[in-house]
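Visitor: Can you walk me through this model? I'd like confidence first, then helices and salt bridges.

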Amino acid sequence: MAQPRSSTRPPQQMIRNVYDQLFHHGLSLSKLRDAIAAGRLLQSLDGGIGVPGRSLAWKLFLLKNVPLEPPPHEIPVPPLEALRAHRKRYSELLLEKMRAPDGSYDETFVVPGLTIPRKNAEQLTDLETNNPLSLHDENPWREWFAAVDLRKTIQQDVERTFPDIGYFRDDDVQQQLTNILFLYAVMHPDIEYRQGMHELLAPIYYAVDYDSIADDATASSDESVFREICSRTWIAADSWALFCAIMNDISKWYEWREPSTRGQVNFKPYMSPITLACNHIQNSLLKSVDPILHGVLQSSGIEPQIYGLRWLRLLFTREFSMNDAMILWDGLFASPIPISELVQWICVAMLIRIRTKLIPSDCSMQLTYLLRYPPSQAEDGALHHTILLLRQASSLEMSRTPSAGAIVMTENRNLLNIPLEVPDPPVQMRRRVRPPISSDFHGTSSGQGEHMRQSPSFQMGLPELIARGLMDRGESLGINKTVMNAVSELRRNLPELAASLVRTPSAISAPYAAYPLLDEQTTDDKHVSESESRIKMERAATELRAQNKRLGESITWILSVLQSKESSEAKDEDAARVLVQQKEALESLAYVRDILDGEVKEIDEHRLWGAEEYNKRLEGQTKQESREASVSQLRQRSMTTPTNEHPPSPLQREVRNFSLNSSGAPVFLRPTTSVPLHSSSMASKAIPMVSSTHNRSQSSTGAFTVKPITMQRTPLRLSSNNPFQRTPDAGGIPPAAVKSDQSPKVRSEVQQHDPLGVLK
């Protein structure tokens with residue numbers, strides 16, 4: 001454990017002198033409180049943050065051997081029994097909460113006075129529940145991982161603790177601070193760890209370490225008690241005990257969620273205790289002792305939570321230097337008034353101290369003073385300003401009247417040179433008087449208007465005050481003049497600009513005047529970007545699901561390998577193969593962890609599996625791809641190769657419906673099938689065509705036997721006697737002359753089937 005170097009620690013005799021004054025000089029508790037509050041007992045050597053014996057006084061007033069408060073006239077005794085109990089409890093908790101579910105500890109983990117077992121002798125048998133990758137509700141590793149995340153959060157805040165003090169940059173000191181805050185968080189699950197606790201613990205740890213003494217077994221009995229109280233071995237345990245004692249009183253200010261009330265119905269909205277305390281400070285305590293300052297803060301709209309949250313939670317470690325804050329803590333811990341009550345009156349005294357800065361300022365400057373508290377410096381030989389602040393808070397707590405507030409103001413004038421009179425607002429906050437003009441638009445002179453603008457602020461409301469402040473600040477910086485010039489320029493150019501925007505283009509001057517002025521971006525174009533972003537999101541989600549599926553398959557294989565038990569009758573080769581598979585499974589598990597942590601950008605498929613499993617999957621994937629390729633080739637071949645199953649083309653349907661009448665004239669016959677044809681004008685009428693010689697057989701009546709042609713999907717036959725087709729070798733036969741000697745029967749049949757009037 002890294003401690004301050006021996007040259008920075010005080011001499012042991014100085015710590016011993018404070019120990020004797022606390023426990024061996026016969027001073028009662030009340031006299032010790034007065035001496036510490038007045039700054040007579042605890043004094044710094046060189047003006048630094050270290051004060052010999054400070055941690056001894058804190059242990060006396062914060063750690064008690066008995067639960068009840070001892071009477072003020074009683075002679076105090078060293079709190080040795082309380083220290084021993086806290087040290088034992090700290091060691092037990094640290095040993096319990098820092099143990100992993102498999103029973104192991106970190107190699108650098110050390111507990112004072114205990115031997116740390118590095119391994120658990122028991123063998124884990126139930127891998128279903130006690131497994132880092134198990135999703136069982138009773139899996140202890142889930143709680144362990146949550147604790148690891150909590151330690152990381154605490155470590156981040158501890159590393160930023162008081163960056164200007166080199167002592168807190170030490171790695172061992174940061175580790176001890178993290179352990180203490182982690183134990184407090186796990187022991188108080190309703191509060192857990194909140195930001196700001198590390199700044200409360202850091203001064204405590206430094207004070208205990210500053211007064212630490214090395215153990216010496218050869219010391220006398222009285223000397224042994226002194227060395228045991230200041231033991232350097234138990235710095236972390238003593239710091240944890242003091243931190244818990246302080247948090248017992250102010251932990252309510254770190255509550256951040258409403259406590260569960262079973263069976264109770266609360267109709268009032270929940271307000272956190274820290275919010276109630278801040279409102280009580282400004283609206284009740286400050287109003288009772290300084291109603292004028294309270295009215296100014298209320299009219300400015302200053303919420304007390306803005307400054308009260310940090311003042312109360314950190315106990316003024318941000319408002320004062322660490323040395324001044326620890327001097328304030330000396331009297332705060334020694335006071336018989338509870339810490340949570342006295343701290344609120346300290347806030348009131350701090351507000352009264354800077355009242356002459358808050359009252360004449362605007363809202364922004366008031367916030368600046370409250371968030372960056374102005375430093376105070378006492379005269380030479382006077383009380384320290386934090387000791388004076390503590391005494392003023394005690395007097396205000398006893399007398400809550402405006403006269404008590406006036407006494408505090410007088411003390412600030414006499415000891416800190418803070419004037420009683422509230423100064424006028426700064427010059428730059430006033431509105432500069434403009435040269436007089438004859439009259440304005442309403443007949444009122446500018447001098448009268450200026451007089452009205454310079455009316456007292458208490459006659460205005462909050463919006464008027466804010467507007468006035470903005471105008472004054474803008475005029476002092478020259479912004480108002482620039483804005484007015486820009487407005488004047490805009491007014492001059494506005495008519496011309498409006499005319500250019502609404503002017504209709506003439507048809508003679510502009511070639512595009514005939515087209516209306518429409519929005520160039522259509523409704524469909526407006527949604528293009530949204531569609532593209534939606535497509536990208538869907539693609540990313542699909543890739544993420546595919547990646548999760550691969551990781552799930554890999555983890556399934558890893559679990560199957562790790563859970564497989566080696567049989568006693570297995571051969572040496574099988575046993576070696578199982579060991580190799582388990583080693584590969586662990587390596588794959590580590591690679592999956594890196595992927596989930598975001599350390600891997602492109603996933604290497606080979607590292608998700610073992611060599612044997614990867615070859616199996618690669619072979620199966622190759623077979624699957626070959627099958628898919630063969631199926632795709634068959635589909636492509638079936639699409640490109642013509643078959644008889646395709647419907648006939650229009651030319652084929654026309655040829656099939658072609659025939660000759662008894663006189664040898666070609667006609668189109670209407671098929672008797674019930675299947676409708678696509679071209680009704682060509683397939684349902686008999687039209688006389690050019691005749692030619694035909695070699696088909698004729699019936700005994702001298703006419704062709706006409707049979708109904710059904711819609712059959714047969715190949716097209718090419719004939720040299722068909723006037724509608726060409727032969728490949730001859731290029732087609734020219735049509736012959738049309739014969740006019742058709743039989744009346746055919747002519748009547750043709751006229752009967754001529755709905756479109758083609759023959760007419």
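Guide: What follows is a short tour by question and answer.

Visitor: What kind of model is it, and how are residues numbered?
Guide: This is a predicted model, where local features need pLDDT of at least 70, side-chain atom pairs count only at pLDDT 80 or more, and totals for chains, interfaces and linings use all residues. Residues are numbered from 1 along each chain as its sequence is written, and side-chain values use heavy atoms, with hydrogens and water left out.

Visitor: What is the mean pLDDT of the protein chain?
Guide: The mean is 74, and 64% of the residues reach 70 or more. pLDDT is the predictor's confidence in each residue, from 0 to 100.

Visitor: Where does pLDDT stay under 50?
Guide: One stretch is residues 429-459, for which the model has 29 contacts beyond four places in sequence. Another is residues 502-521, with seven contacts beyond four places in sequence. A contact means heavy atoms within 4.5 Å.

Visitor: Helices next. How many residues does α5 have?
Guide: Helix α5 covers residues 140-158 and has 19 residues. From its first C-alpha to its last it reaches 27 Å, close to the 27 Å expected at 1.5 Å a residue. The expected span is 1.5 Å times one less than the number of residues. Helices (H or I, at least four residues) are DSSP runs, numbered from the N terminus.

Visitor: Which residues of α5 are buried?
Guide: They are Trp 141, Ala 147, Ile 154, Asp 157 and Val 158. Buried means under 20% relative accessible area, exposed means over 50%, and partly exposed is in between (1.4 Å probe, protein chains only).

Visitor: What covers them?
Guide: The cover for the buried residues of α5 includes α6 (171-187) and α7 (197-210).

Visitor: How many residues of α6 are buried?
Guide: 12 of its 17 residues are buried, so α6 is largely enclosed by the rest of the structure. Among them are Val 173, Leu 177, Ile 180, Phe 182 and Tyr 184.

Visitor: What span should α6 have?
Guide: Its 17 residues should span 24 Å at 1.5 Å a residue, and the end C-alpha atoms are 24 Å apart, which agrees.

Visitor: Which residue does Glu 192 meet in a salt bridge?
Guide: Its side chain meets that of Arg 194, at 4.0 Å, N to O. Arg 194 counts as partly exposed, at 25% relative accessibility. A salt bridge is a side-chain nitrogen of Lys or Arg within 4 Å of a carboxyl oxygen of Asp or Glu.

Visitor: How many salt bridges are in the whole structure?
Guide: The search finds 23. Some are linked: Arg 16, Asp 20, Glu 223 and Arg 227 are in a network of salt bridges.

Visitor: What does Asp 238 pair with?
Guide: Asp 238 meets Arg 87 in a salt bridge, at 2.9 Å, N to O. Asp 238 lies in helix α9 (residues 235-250) and Arg 87 in helix α4 (residues 80-97), so the pair ties together parts that are 151 residues apart in sequence.

Visitor: Are those two buried or exposed?
Guide: Asp 238 counts as buried, at 2% relative accessibility. Arg 87 is also buried, with a relative accessible area of 5%.

Visitor: At what angle do α4 and α9 pack?
Guide: The angle is about 105°, and the axes are 9 Å apart. Axes are lines fitted to C-alpha atoms, for helices over the stretch in contact, and angles run from 0 to 180 degrees between N-to-C directions. The two helices are therefore roughly perpendicular to each other, a label for 65 to 115 degrees; under 35 counts as roughly parallel, over 145 as roughly antiparallel and the rest as oblique.

Visitor: Which residues meet there?
Guide: From α4 they include Leu 83, His 86, Arg 87 and Tyr 90, and from α9 they include Ala 237, Asp 238 and Trp 240.

Visitor: One more pair. What does Arg 617 bridge to?
Guide: Arg 617 forms a salt bridge with Glu 553, the closest N and O atoms being 3.6 Å apart. Arg 617 is in helix α25 (residues 611-640) and Glu 553 in helix α23 (residues 528-563), so distant parts of the chain, 64 residues apart, are linked. Arg 617 is partly exposed, with a relative accessible area of 34%. Glu 553 counts as partly exposed, at 30% relative accessibility.
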